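Hi everyone, thanks for making the time. Let me put the structure up on the screen, and then we can walk through a sheet and a helix together.

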Amino acid sequence: MPRSRKSQWTKKHHFIAVNLSQFDVNVACFDSLFFFLSSREKKRRRIEDLTEKMAVDGGHMEGDWDGRWNHVKKFLERPGPFTHPDFEPSTESLQFLLETCKILVIGAGGLGCELLKNLALSGFRLIHVVDMDTIDVSNLNRQFLFRPKDVGRPKAEVAADFINNRIPGCKVVPHFKKIQDFDESFYRQFHIIVCGLDSIIARRWMNGMLISLLSYEDGVLDPSSIIPLIDGGTEGFKGNARVILPGMTACIDCTLELYPPQINFPMCTIASMPRLPEHCIEYARILQWPKEKPFGETCLDGDNPEHIQWVFDRSQERAAEFNITGVTYRLTQGVVKRIIPAVASTNAVIAVHIFL
Ligand SMILES: [Zn+2]
């Protein structure tokens with residue numbers, strides 16, 4: 001894309017974002033998002049010829065039994081006290097969801113597993129999932145689509161296999177890749193993109209991609225070029241979920257300050273006036289390790305128990321020197337590996353919020 005056009009878009013986009021306080025763009029609920037999507041879809045259909053209509057089972061619903069989608073119909077076929085004023089209850093919405101709606105899930109980790117399960121059980125049938133990771137044994141407590149035999153295999157592939165075997169009619173397409181490996185044409189095919197990522201860099205990349213997909217005619221945003229991004233994230237017992245309509249609502253880059261900062265301790269504190277057990281551990285890790293080279297030129301490996309033991313011993317010495325308590329082996333490991341405990345329930349709650 002020409003650079004000048006992109007910067008023009010960015011400018012417009014940020015103009016919109018700055019004025020956000022004057023708008024009341026509330027789409028953070030299932031039915032209104034749905035309304036938005038189906039009206040966008042209608043426009044798309046008018047504009048494009050429908051040669052590449054995406055029908056899951058060639059139009060008819062295979063594998064459906066009586067009452068299978070009753071729980072979804074309750075949302076789509078009747079209004080409720082909290083539905084968006086523009087929401088039109090319709091039987092077509094379910095049809096759209098089952099046959100046309102193509103959704104992309106980014107990340108098949110803690111949130112990703114929850115999302116895939118929720119989507120598949122709610123009637124989304126054309127799901128793609130992108131994840132660049134393989135399964136580690138430490139994932140198994142909460143990433144419930146994986147079993148011990150799957151350790152070492154790509155998360156996207158195992159998750160897709162699990163859902164496809166378990167949910168009749170659902171077709172999850174896995175991509176064992178980085179989001180950056182795909183171009184605009186890949187992302188453009190989706191109606192919604194849902195993110196369960198653990199990195200701000202990846203979120204910003206995704207955000208940039210969706211903003212670059214927007215098109216403007218005479219300065220007016222073409223709504224059919226908007227792909228809603230639903231972003232979720234968890235950290236320990238905290239988490240968030242929100243809907244971003246690129247070009248209409250504040251995006252990831254507009255709201256970077258909402259993300260928790262990466263915890264780093266000032267070097268002067270670590271070097272000369274430690275107060276916390278973490279300061280002692282950082283002292284051993286950053287300053288003593290490279291100086292004393294206890295294992296030759298080997299870099300500190302957070303998964304090597306001997307390395308952690310060495311850092312733990314040095315940290316205890318330093319803690320004793322400054323009368324600091326609380327240095328434990330576990331904490332040492334946590335600080336060295338930058339571990340924030342992942343909590344299964346947080347993932348579940350956030351996944352449901354993403355969904356609603
Ligand atoms: Zn923005």
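Let's begin at one pair of residues: I106 stands opposite C195 in β4. On terms, two strands count as a pair if DSSP finds at least two bridges between them, and the elements themselves are DSSP runs numbered from the N terminus, with helices being H or I of at least four residues and strands E of at least two.

Before going on, a word on what you're looking at: this is a predicted model, where local features need pLDDT of at least 70 and side-chain atom pairs count only at pLDDT 80 or more, while totals for chains, interfaces and linings use all residues. Residues are numbered from 1 along each chain as its sequence is written, and side-chain values use heavy atoms, leaving out hydrogens and water.

Now the whole sheet. In what order do the six strands come? The order is β3-β2-β1-β4-β7-β8, in an open sheet with mixed pairing. β3 (171-175) and β8 (238-244) are the edge strands with a single partner each, so one side of each has no neighbour in the sheet. From one strand to the next, the twist averages 15°.

E235 stands opposite K238 in β8. The two strands make a hairpin with two residues between them, and G236 in the turn has a positive phi of about 60°.

What lies on the sheet? Helix α6 (residues 155-166) lies across β2 (126-130) and β3, at about 170° to β3. Helix α8 (residues 200-212) touches β1, β4 and β7 (229-235), and its direction makes about 175° with that of β7. Contact here means heavy atoms within 4.5 Å; axes are lines fitted to C-alpha atoms, for helices over the stretch in contact, and angles run from 0 to 180 degrees between N-to-C directions.

After α10 comes K293, with a positive phi near 40°.

Finally, zooming out: the protein has 13 helices and eight strands, and 45% of its 356 residues count as buried. Happy to take questions!

Key: Buried means under 20% relative accessible area, exposed over 50%, partly exposed in between (1.4 Å probe, protein chains only).
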